[in-house]
Amino acid sequence: MSVRARLVPLAAAASLIGTALAMAPSADAAPAGAQSCYGSASSYFKPNGPKDYPAGALLWSSRSCNDINIKPKTNRYVQVCIENIPAGTLECPGPDNFVYAAADRWTVVKYNVAPGTGFVFRFRSTAQSSGSWAA
């Protein structure tokens, strides 16, 4: 068998392996749904004082995300309060049920939320906070 006849199959195999490796997601890559969800993220700014963001208003979940996520610029403890539409009140998990959200990292604060759900972020602290959210 000639050298050329042996090299062609080897080159083809190497090409296929290289293509498979290039297409494989990296270990730290977010799933496609998460990328879509975070791609629709909004920024937020909560001033000193109120614990709720937004104060006196609601945010709304979308079809882009299944969960409510936050990415604060500083470490924060936060929870999500859901609007009870018939009663017009907010339902919060309770004073001991805050989620730790590390700075500059996406954190799921509430799982499995239907599109069109009204909610607020409730922070444990009255300190100023800013970052991004996606829902």
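This is a predicted model: local features need pLDDT of at least 70, side-chain atom pairs count only at pLDDT 80 or more; totals for chains, interfaces and linings use all residues.
A residue counts as buried when its relative accessible area is under 20%.

**Thr117.** Select Thr117, in the loop between strand S8 (107-110) and strand S9 (118-123). Its relative accessible area is 16%, so Thr117 is buried. Leaving aside residues up to four places away in sequence, Thr117 touches Leu59, Trp60, Ser61 and Ile82.

**Asp52 and Arg122.** Proceed to Asp52 and Arg122, whose closest N and O atoms are 2.6 Å apart in a salt bridge. The two residues, Asp52 in strand S2 (residues 52-53) and Arg122 in strand S9, are 70 residues apart, and the pair links distant parts of the chain. A search of the whole structure finds one salt bridge. Colour the pair by accessibility: Asp52 is buried at 17%, whereas Arg122, at 25%, is partly exposed.

**Strand S5.** Now select strand S5 (residues 76-84) and follow its pairings. With strand S7 (residues 99-101), S5 pairs in the antiparallel sense over three bridges; Val78 has Val99 as its bridge partner there. S5 and S9 also run antiparallel, joined by five bridges, and Val80 stands opposite Phe121 of S9. Strand S6 (residues 89-91) is likewise antiparallel to S5, with three bridges between them; here Glu83 is partnered by Leu90.

**Gly88.** End at the hairpin of S5 and S6, where four residues lie between the strands and Gly88 takes a positive phi near 70°.

Definitions and conventions. Residues are numbered from 1 along each chain as its sequence is written. Side-chain values use heavy atoms; hydrogens and water are left out. Buried means under 20% relative accessible area, exposed over 50%, partly exposed in between (1.4 Å probe, protein chains only). Contact means heavy atoms within 4.5 Å. A salt bridge is a side-chain nitrogen of Lys or Arg within 4 Å of a carboxyl oxygen of Asp or Glu. Two strands pair if DSSP finds at least two bridges between them.
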